[in-house]
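Biologist: I would like to go through some of the labels put on this structure. For each one, please give the rule and then the value.

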Amino acid sequence: MSGTYLGMPAFPAAAHEAVRDRTLRGNLRHATHTIRAKRAKAVAEVSDWAALREAGRQIKDHTLRHLDRYLVQLEESVTAAGGVVHWAADADEANRIVAELVRATGESEVVKVKSMATQEIGLNEALEAEGIRAYETDLAELIVQLGKDRPSHILVPAIHRNRGEIRDIFRSEMAEWGRPAPEGLTDTPAELAEAARLHLREKFLRAKVGISGANFMVAETGTLVVVESEGNGRMCVTLPETLISVVGIEKIVPTWRDLEVFLQTLPRSSTAERMNPYTSTWTGTTDEDGPNTFHLVLLDNGRTDTLADQVGRQALRCIRCSACLNVCPVYERAGGHAYGSVYPGPIGAILSPQLRGTQSEIDASLPYASSLCGACYEVCPVAIDIPEVLVHLRERVVQGGPVTRGGNKVVLRPAKGHAAERAAMRASRWAFGHPGVLRTGQRLASRSRRFLPRTLPGPGRAWSASRDLPQVPAEPFRDWWQRTRGGKDGGDGK
């Protein structure tokens with residue numbers, strides 16, 4: 001996975017700074033509460049929601065189990081429809097392929113529809129290094145790009161900005177990227193949207209190369225699907241002469257019948273709509289309709305490594321609806337930037353450490369960016385048990401062990417800073433396996449309880465500073481049972 005967001009502080013430090021920003025917290029609280037309330041109402045309208053959720057889970061699991069077969073079928077279908085398929089093992093290879101394809105057209109500008117895969121690999125930065133300028137056309141992504149910012153939400157990348165901040169960004173930055181903001185621009189939504197429309201329209205009409213992602217790929221026909229709310233995506237995939245789509249290999253579904261399930265669950269879980277305002281589909285190329293040339297870049301970038309993990313692989317079911325972010329109490333307070341990844345929130349806390357590994361400080365901290373309340377699992381439309389994966393990844397961070405990285409089996413060393421915890425657990429395991437030792441220890445603790453400290457020493461001081469240590473009883477349970485019950489009912493005290 002790209003190192004675009006690496007180098008940031010670990011989640012606890014980043015979150016500590018974020019929660020001090022009252023404006024950020026206010027923006028997040030208002031937006032997430034509004035979205036999740038609308039989502040709950042939209043989902044309640046569907047009597048068979050639980051069945052749709054289970055169907056989505058089964059379709060995704062089946063596809064992941066047979067991913068090799070469906071990817072080959074997809075390649076054959078896209079090629080037969082006039083497209084060209086490229087395979088990218090990692091971010092560097094994907095960026096190189098896209099840059100070469102753009103250079104081959106002779107163009108130095110591209111328009112982009114919102115694509116998390118291209119953000120994941122740092123494509124905009126890679127193209128800039130090659131002298132190619134990429135223009136984001138999704139309204140929220142445009143705000144992020146003009147503000148020299150980073151996305152903080154899967155569905156609403158500029159969720160951390162309010163209308164006044166967006167107005168100021170448009171006024172100060174639009175001219176540098178093209179058509180300037182209108183004179184006297186206010187912060188009313190209609191005026192902001194009109195300013196963006198005028199700014200982007202000239203880019204759509206001028207661009208010869210478009211770059212997109214895809215929400216889904218249908219293996220049986222080679223069809224790609226993008227769902228959106230603004231219409232900018234449709235212009236991006238239809239007006240340019242050359243279209244390049246960069247898509248993660250897990251976005252595949254076997255058939256159109258399978259796609260039907262997700263076209264019901266995705267809009268209700270993401271934007272709380274019964275259906276997406278714009279659902280764009282394209283299959284290869286067609287004479288005198290849409291792009292003349294179509295390239296599909298299939299991106300691995302850690303996905304097959306994730307697939308090798310029997311517990312963690314369920315993260316690949318994700319359809320990027322962002323419902324888990326909108327109910328997460330940690331995300332609501334810390335925001336998306338604290339996660340150090342294009343994938344924030346609960347799904348990011350389990351996806352990024354698997355795509356990038358847990359060797360960096362920030363990725364090792366992400367599995368702990370959760371209260372394990374389970375709200376994310378309850379709203380997930382494909383039933384990803386995020387708390388289960390979080391605990392699984394915490395175990396990996398602390399204990400290390402065998403994992404797959406780059407297609408190879410490797411053994412991770414236990415994380416630093418947990419030596420005392422591991423020693424305590426090993427000692428406890430040994431004591432519980434030797435009843436005599438356990439009994440002696442219990443009696444010794446009871447007899448010396450007056451001398452035991454009220455707070456823990458060393459690293460344990462932080463834990464006991466806000467918690468009372470449990471009082472040691474006057475006698476162990478075994479002794480109490482033997483004294484009070486052991487002789488009455490024939491028990492042996494064991």
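Biologist: Why is Arg274 called exposed?

Modeller: Arg274 has a relative accessible area of 59%. Exposed means over 50%, buried under 20%, and partly exposed in between, with a 1.4 Å probe and protein chains only. Arg274 is therefore exposed. Bear in mind that this is a predicted model, where local features need pLDDT of at least 70, side-chain atom pairs count only at pLDDT 80 or more, and totals for chains, interfaces and linings use all residues. Residues are numbered from 1 along each chain as its sequence is written, and side-chain values use heavy atoms, with hydrogens and water left out.

Biologist: What makes Glu45 and Arg274 a salt bridge?

Modeller: The rule asks for a side-chain nitrogen of Lys or Arg within 4 Å of a carboxyl oxygen of Asp or Glu. In this pair the closest N and O atoms are 2.8 Å apart. Glu45 lies in the loop between helix H2 (22–44) and helix H3 (49–65), and Arg274 in the loop between helix H12 (256–270) and E9, so the pair ties together parts that are 229 residues apart in sequence. Helices (H or I, at least four residues) and strands (E, at least two) are DSSP runs, numbered from the N terminus.

Biologist: Why does Glu45 count as partly exposed?

Modeller: Glu45 has 40% relative accessibility, so it counts as partly exposed.

Biologist: How many salt bridges does the rule give?

Modeller: The count comes to 26. One of them joins Arg356 to Asp363, with the closest N and O atoms 2.7 Å apart; Arg356 and Asp363 are both buried. Shared partners also join Glu54, Arg57, Asp61 and Arg317 into one network of salt bridges.

Biologist: What is the N to O distance between Glu173 and Lys148?

Modeller: It is 3.0 Å, and the two side chains meet in a salt bridge. Glu173 is in helix H9 and Lys148 in the loop between H8 and H9, 25 residues apart. Glu173 has a relative accessible area of 17% and is therefore buried, while Lys148, at 60%, is exposed.

Biologist: What sets the phi of Lys148 apart?

Modeller: Phi of Lys148 is near 50°, a positive value in a residue other than glycine. Most residues other than glycine have a negative phi. Arg320 also has a positive phi, of about 60°, although it is not a glycine. Arg320 is found in the loop between helix H13 (303–307) and helix H14 (323–327). With a relative accessible area of 12%, Arg320 is buried.

Biologist: What makes strand E7 mostly covered?

Modeller: Of the 7 residues in E7 (242–248), 7 are buried. Thr242, Ile244, Val246 and Gly248 are on one side, and Leu243, Ser245 and Val247 on the other. In a regular strand the side chains alternate between the two faces of the sheet.

Biologist: How do you know that E7 pairs with E10?

Modeller: Two strands pair if DSSP finds at least two bridges between them. E7 and strand E10 (residues 293–299) have 7 bridges and run in the parallel sense, with Ile244 opposite His295 in E10. Strand E4 (residues 209–212) and E7 are also parallel, over 4 bridges, and there Ile211 stands opposite Ile244.

Biologist: How many bridges join E5 to E8?

Modeller: 2 bridges join strand E5 (residues 216–218) to E8, and the two run parallel. Val218 stands opposite Val253 in E8.
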